[in-house]
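Please brief me on this protein chain. I want the fold, the sheet, the helices and the charged pairs, in short points.

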Amino acid sequence: MSDVIAIDVKNVTKSYQIYDKPQDRLKQSFARGRKQYFREFHALRDVSFTVKAGETVGIVGRNGSGKSTLLQILCGTLYPSSGDVTVNGRIAALLELGAGFNPE
C-alpha cells in the first residue's frame, strides 16, 4: 500500500447555534456578545483520522451521531467550525440523494 495520504482530518468540530424562538436570532444580533440567546449543539467534536490512498473506510454510528455531517464536511458542502480537513484527489458527493426529488 502507498503512504500517500488521501484524506486527513484533524480535530474537526462542527457546532450549531440552536434558538428556542425566531425572535432570539434577532436579539442575538443586537446583543453583541453581552448575552447569549442560543444553546450550542455539537454535531462533531474533535474528530481526527487519516485515510491512505487505496484504503477503504466505513463510517458507522447511531442516528444523530454525525455521520452525514462528517461526510458533508469531507465533500466541501459544509465547513467545520474548527479543525482542518485535507483531501488529496476528488470526492463525489452522493449524500441525501432523495432530497428535492419529485417522488412520482
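The points below go from the overall fold to single residues.

This is a predicted model. The protein chain holds two helices and three strands. Along the sequence they follow the pattern β-α-β-α-β. The three strands form an open sheet with antiparallel pairing.

**Overall fold**

- The protein chain has 104 residues, and buried residues make up 22% of them.
- The accessible surface of the chain comes to about 8100 Å². Carbon and sulfur atoms account for 50% of that surface.
- Take the contacts between residues at least 6 apart in sequence: 69% of them join residues at least 24 apart.

**The sheet**

- The strand order is β2-β1-β3.
- Strands β2 (38-52) and β3 (82-87) stand at the edges. Each has a single partner strand, so one side of each is left without a neighbour in the sheet.
- From one strand to the next, the twist averages 20°.
- Strand β1 covers residues 5-19 and is joined to β2 by 11 bridges. The two run antiparallel.
- Tyr 19 of the chain stands opposite Phe 38 in β2. Val 12 stands opposite Val 47 in β2.
- On the β3 side, five bridges join β1 to β3, and this pair also runs antiparallel. Ile 7 has Val 87 in β3 as its bridge partner.
- In a regular strand, side chains alternate between the two faces of the sheet.

**Helix α1**

- Helix α1 spans residues 22-31, and Asp 24, Gln 28 and Ala 31 are buried in it.
- Seen down the axis of α1, its buried residues fall within an arc of 60°, so they line one face of the helix.
- An α-helix has 3.6 residues a turn, so residues three or four places apart point the same way.
- Just after α1, Arg 32 takes a positive phi of about 50°.

**Helix α2**

- Helix α2 runs over residues 67-75 and includes Thr 69.
- Is Thr 69 buried or exposed? Thr 69 is buried, because its relative accessible area is 14%, and the cut-off for buried is under 20%.
- Which residues does Thr 69 touch, leaving aside those up to four places away in sequence? They are Lys 14, Tyr 16, Ala 43, Leu 44 and Leu 78.

**Salt bridges**

- The count comes to four salt bridges.
- Side chains of opposite charge can pair when their charged atoms come close.
- Lys 52 and Asp 3 meet through their side chains in a salt bridge, at 3.8 Å from N to O. The pair links distant parts of the chain, 49 residues apart. Lys 52 lies in strand β2, and Asp 3 in the segment before β1.
- Lys 52 counts as partly exposed at 34% relative accessibility. Asp 3 is exposed, with a relative accessible area of 64%.
- Asp 20 and Arg 39 form a salt bridge through their side chains, at 3.5 Å from N to O. This pair, too, links distant parts of the chain. Asp 20 sits in the loop between β1 and α1, Arg 39 in strand β2, and 19 residues separate them.
- Asp 20 counts as exposed, at 60% relative accessibility.
- Asp 24 forms a salt bridge with Lys 27, with the closest N and O atoms 3.8 Å apart. Both residues lie in helix α1, three residues apart, which is about one turn of the helix.
- Lys 27 is partly exposed, with a relative accessible area of 38%.

Notes
Residues numbered from 1 in each chain as written. Predicted model: local features only at pLDDT ≥ 70, side-chain atom pairs only at ≥ 80, totals over all residues. Heavy atoms only, no water. Helix = DSSP H or I, 4+ residues; strand = E, 2+ residues; numbered from the N terminus. Buried < 20%, exposed > 50% of the residue type's maximum accessible area, 1.4 Å probe, protein only. Contact = heavy atoms within 4.5 Å. Areas by Shrake-Rupley, 256 points an atom, 1.4 Å probe, with all protein chains shown as cover. Pairing = 2+ DSSP bridges. Axes fitted to C-alpha atoms, helices over the stretch in contact; angles between N-to-C directions. Arc of directions from axis to C-beta.
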